[in-house]
Amino acid sequence: MSEWQSLLRERSVATLDALAERFGPDVIDTEALRGAFDGFQMRLTPAVLDQIKAVGDPMWTQYVPTVAEMEVVDGVVDSLGEDADSPVPNLTHRYPDRALFLVSPVCASYCRFCTRRRKVGDPEKIPLNQYDSAFAYLRAHGEIRDVILSGGDPMMLSDRRLEYIFQTLRAIPHIEIIRIGSRITSHLPERITPEFCAMVQRYHPVFMNTHFNHPDELTPAAVAALDRLSMAGVPLGCQTVLLKGVNDDPAIMMELMHRLLKARVRPYYIYMCDPVAGGEHFRTTIQKGLEIIQALRGWTSGLAVPHLVIDAPGGGGKVPLLPEYVESITDEEVVFRNYEGKRFVYKQPGVAGAVAH
Ligand SMILES: *Cc1c(COP(=O)(O)O)cnc(C)c1O
């Protein structure tokens, strides 16, 4: 067993009893939480445990089960309709030129707001022995030039298995880029080993989209893991989820984006939290999302401003949302406001009357 595997197995907290032992039985009511735990498994790695500074803080909220998970209001199990767009097991082909390939059923730690909680943690639902039909589909579909490895967390696979996936994908000429969607740099930075970094370089271009939700997650160990990936030539992005009580605050988001950039991670998306059954208590309003984007755009480096997206419920894909900068567009001119709210006019080109106006 490698070092990261034994760390995961021996030093994580994965039962309610262990959680109660760590935080005290007055804080963890194992009886009350049983239903939430049974509905979606729990694991907190040493890195995540270190990030929790106080009961109920943003890190706690992301990983510790709560009774609120059992109150399903209008959440749905497959909130993004991914199973309907799945031509073969483990694969979702929704967009013209890219496909989502679920390669791992497990994560190092489980986020309580997980949109794929219906599958994640259950090896039977993302079977490791069913890659072949996915590879055959990718081979047969010449329009797919971008494959996104996800799960679960692909980085939970051994280097051997990852290399097998990389090799098989690289043998398909029309696949130009490989992406890994992973929260491992935050959950288990030890997983980014020199061996992995040496291996991945043979299969470039390989991108990684990380997942950080709060500035405190950029610990020295996480930043060092990100540095190893950058040194291995892996371009890094970040997909953040807007979560009530975690990061629904423009100042926290601004600090998160700055810390990411300092670690050479380019913020990519902020997602509105999916209305998934069991995770509804994390949801906040679209106005809040727009307020955050408005507080970033213009006020800080453009590099620090990700796209705010809603993954359309039922399977419409990601749709970007922008604050209203445009007041009116006519054939003559556009009237808009800048980040400070000042109004400006841009004349349309070559339209008769525009000049005389
Ligand atoms: C998010 C997603 C992608 C990738 O979308 P990008 O906008 O290219 O990052 C691809 N397929 C599915 C099903 C997705 O949910």
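Is Val-246 buried or exposed, and what is its relative accessible area? Select Val-246 and find out: Val-246 is buried, with a relative accessible area of 2% (buried means under 20% relative accessible area, exposed over 50%, partly exposed in between, using a 1.4 Å probe and protein chains only).

Before you go on, know that this is a predicted model, where local features need pLDDT of at least 70, side-chain atom pairs count only at pLDDT 80 or more, and totals for chains, interfaces and linings use all residues. Residues are numbered from 1 along each chain as its sequence is written, and side-chain values use heavy atoms, with hydrogens and water left out.

**Stop 1: around Val-246**

Stay where you are. Val-246 sits in the loop between strand 6 and helix 11 (250–262) (helices are DSSP runs of H or I with at least four residues, strands are runs of E with at least two, both numbered from the N terminus). Leaving out residues up to four places away in sequence, the contacts of Val-246 include Thr-61, Asn-213, His-214 and Ile-252 (contact means heavy atoms within 4.5 Å).

**Stop 2: helix 10**

Next, select residues 220–231, which form helix 10. Colour Ala-222, Ala-225, Leu-226 and Leu-229, the buried residues of this helix. Looking down the axis of helix 10, you'll find its buried residues within an arc of 100°, so they line one face (the arc is that of the directions from the helix axis to the C-beta atoms). They pack against helix 8 (184–187), helix 9 (194–200), strand 5 (206–210) and strand 6 (236–242). After the helix comes Gly-233, with a positive phi near 80°.

**Stop 3: helix 6**

Move on to residues 131–140, helix 6, and pick out its buried residues Tyr-131, Ala-134, Phe-135, Tyr-137 and Leu-138. These cover an arc of only 160° around the axis, which puts them on the same side of helix 6. Their packing partners are strand 1 (91–95), strand 2 (98–104), strand 3 (146–151) and helix 7 (159–170). On the other side of helix 6, look for Asp-132 and Ala-140, both exposed.

**Last stop: the two domains**

Zoom out and colour domain 1 (3–321) and domain 2 (326–356) separately (the bounds come from an automatic or database domain assignment). Their centres, taken over C-alpha atoms, lie 41 Å apart.

Methods:
Expected span 1.5 Å × (residues − 1).
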